[in-house]
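Here are some notes for anyone opening this model for the first time. Have the structure on screen and follow along point by point.

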Amino acid sequence: MFKNLINGEWVEGPRVTRNINPSDTRDVVGEYAQADATQARDAVGAARAAFGTWSLSSPQQRFDILDAAGTEILARRTELGNLLAQEEGKVLPEAIGEVARAGNIFKFFAGEALRVGGEVIPSVRPGVGVEVTREPLGVVGLITPWNFPIAIPAWKLAPALAFGNTVVMKPAELVPGSAWALADILQRAGLPKGVFNLVMGRGSEVGAVLLDDARVDAISFTGSVATGRKIAAACLARMAKFQLEMGGKNPFVVLDDADLDVAVNSAINSGFFSTGQRCTASSRLIVTQGIHDRFVSAMVAKMQGLKVDDARKSGTDIGPVVDATQLAQDLEYIAIGQAEGAKLAAGGRAVERNVDGAPGFYLTPALLTETTASMRINREEIFGPVVSVIRAKDYEEALALANDTPFGLSSGIATTSLKHATHFKRHAQAGMVMVNLPTAGVDYHVPFGGRKGSSYGPREQGRYAAEFYTTVKTAYTQA
């Protein structure tokens, strides 16, 4: 059994959960301890006790530990990628790539631990000096999702530690394996006890403690809009700092002048890779009328060649949906779209067993055409391999449709027009904009985040992470 990490010790919980492989539901990845509220409070207490020393630790110590963790993650990328694919359903090449990203994130923030700087500014008063510095916040609670089970914990955890905070992390219940492996790596990298605590368990118990405990100074969360709003309300009630990443309904615009292969490949990647289970996925394809029919035909042809199978099998393009609940939600939205008048042009069929006869949560990628912006399938996040096509008259209408959403995470366009590309980058109401690229897939050293209902608070990743994980101090000295 895999245990929780509290105050440097591996601790059993009152319950155990089985981690199931969505590619083959007969396969149990492992049994993982479930913490309760008491253990969560113990973890918070350990983090609070460790903060005094860790917050004053040398940049070199923090660099050495984070760099060692990153080195081990990269050295074990194939092994850890196999684990990730097994528990989450992401195809093996994508899973290995995600692990590599996590390793590089730790390497990057190891360097940031050495680069935390400040400013010396002359005062308007003679003989007075001013210093502006950044200091750690304190205890940070991290609540991470199931769709990127090692990369998202890494991009929250690495900056939190690099800037001198202590951490209590609650990973998603569906994917405890990758989080446990990360905890094990950090423990062996020499992290002092109590600096990082892993509490696997239910949101109603473990998550509630992180939200309500006054010893937790900040919360960073990635997940659903509904949960994000609850976290915001709880943090505001006690004036804790919070950061929310909550999803998207991302558009990908295809203009008449687009390179058809570039447009189709970008749309396939954005909409269906990682089984569409990415907050940056393009679930709305907005296509101008001059290229619409050719684009749809090319999409359907390309989709027919996609292989849906076991995530770890060579040649698989699309793995399973993460669990039965998500599969049911995907199928429900496909039915809703058809009831609203959309045409199911390709896919959208549940497959109970793969080609080897293994039971799993398989769904052939679905393409819905002849849709309108007002349909629920174009307003609500589905979070699966379900993509709709909206016809637009011209660029101006396509841009208006792209922005007609309560979300604003990522937005993309396929065009060979510099004029339209430049205009779109400025006027797309999203935190990230892609030109002739999939909307999903961002570098680890640049800021990640959105606008509107997608995000709240400072950006994640890159040097911008310091905005959330530190507080600014201004100090005056009379000479």
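1. Which residues lie nearest the centre of the largest cavity? They are Gly276, Ala281, Ser283, Phe383 and Gly384, out of 14 residues that line the largest cavity. Keep in mind as you look that this is a predicted model.

2. Staying with that cavity, its volume is about 90 Å³. A search of the whole structure turns up 3 cavities of 30 Å³ or more. Strands E13 and E18 each give at least two residues to the lining of the largest cavity. By class, that lining splits into 5 nonpolar, 6 polar and 3 charged residues.

3. Now for the sheet that E13 and E18 belong to. Seven strands make up an open sheet, and reading across you get E14-E17-E18-E13-E12-E20-E21, with mixed pairing. The edges are taken by E14 (343–346) and E21 (432–435); each has a single partner strand, so one side of each has no neighbour in the sheet. From one strand to the next, the twist averages 25°.

4. E14 and E17 run antiparallel and are joined by 3 bridges. If you want a pair to click on, Leu344 has Leu368 in E17 as its bridge partner. E17 then pairs with E18 in the parallel sense, over 4 bridges, and here Thr371 stands opposite Ile390 in E18. E17 is also mostly covered, with 5 of its 6 residues buried.

5. Next along is the pairing of E13 (residues 282–288) with E18 (residues 386–392): the two run parallel and are joined by 5 bridges. Look for Thr288, which sits opposite Ala392 in E18. A general point for reading any of these strands: in a regular strand, side chains alternate between the two faces of the sheet.

6. What lies across the sheet strands E12, E13, E17, E18 and E20? That would be helix H9 (residues 260–272), which runs at about 170° to E12. For orientation, E12 covers 250–254, E17 covers 366–371 and E20 covers 410–414.

7. The second largest cavity holds about 60 Å³ of space. It has 13 lining residues, and Pro251, Thr405, Phe407, Gly408 and Gln429 are the closest to its centre. E12 and E20 turn up again here: together with helix H12 (395–403) and strand E19 (407–408), they each supply at least two residues of the lining. The lining of the second largest cavity comes to 5 nonpolar, 7 polar and 1 charged.

8. How much space lies in the largest pocket? About 980 Å³. Of its 35 lining residues, Trp146, Phe221, Gly223, Ser224 and Thr227 are the closest to the centre. The elements giving two or more residues to this lining are helix H7 (203–212), strand E10 (218–222), helix H8 (225–238) and helix H11 (324–339). Sorted by class, the lining of the largest pocket has 16 nonpolar, 12 polar and 7 charged residues.

9. The second largest pocket has a volume of about 260 Å³. Its lining counts 16 residues, and Arg101, Phe148, Arg278, Gly441 and Val442 lie nearest the centre. Helix H4 (92–115) and helix H5 (151–162) are the elements that contribute two or more residues. H4 gives the largest share, at 4 residues. The classes here are 7 nonpolar, 4 polar and 5 charged.

10. Leaving aside residues up to four places away in sequence, Val433 touches Ser411, Phe424, Lys425 and Ala428. Its C-alpha atom is separated by 8.7 Å from that of Leu409, which is 24 residues apart from Val433 along the chain.

11. The other residue is Ala49, found in helix H1 (residues 37–54). Ala49 has 62% relative accessibility and therefore counts as exposed. Between Ala49 and Thr144 there are 23 Å from C-alpha to C-alpha, and the two are 95 residues apart in sequence.

Key:
Residues numbered from 1 in each chain as written. Predicted model: local features only at pLDDT ≥ 70, side-chain atom pairs only at ≥ 80, totals over all residues. Heavy atoms only, no water. Pairing = 2+ DSSP bridges. Axes fitted to C-alpha atoms, helices over the stretch in contact; angles between N-to-C directions. Contact = heavy atoms within 4.5 Å. 1 Å grid on protein atoms, 1.4 Å probe; cavity = no way out; pocket = protein on both sides within 12 Å on 5 of 7 lines; lining within 4 Å. Points joined across faces, edges and corners; volume = space filled by probe spheres on them. Nonpolar A, V, L, I, M, F, W, Y, C, P; charged D, E, K, R; others polar. Buried < 20%, exposed > 50% of the residue type's maximum accessible area, 1.4 Å probe, protein only.
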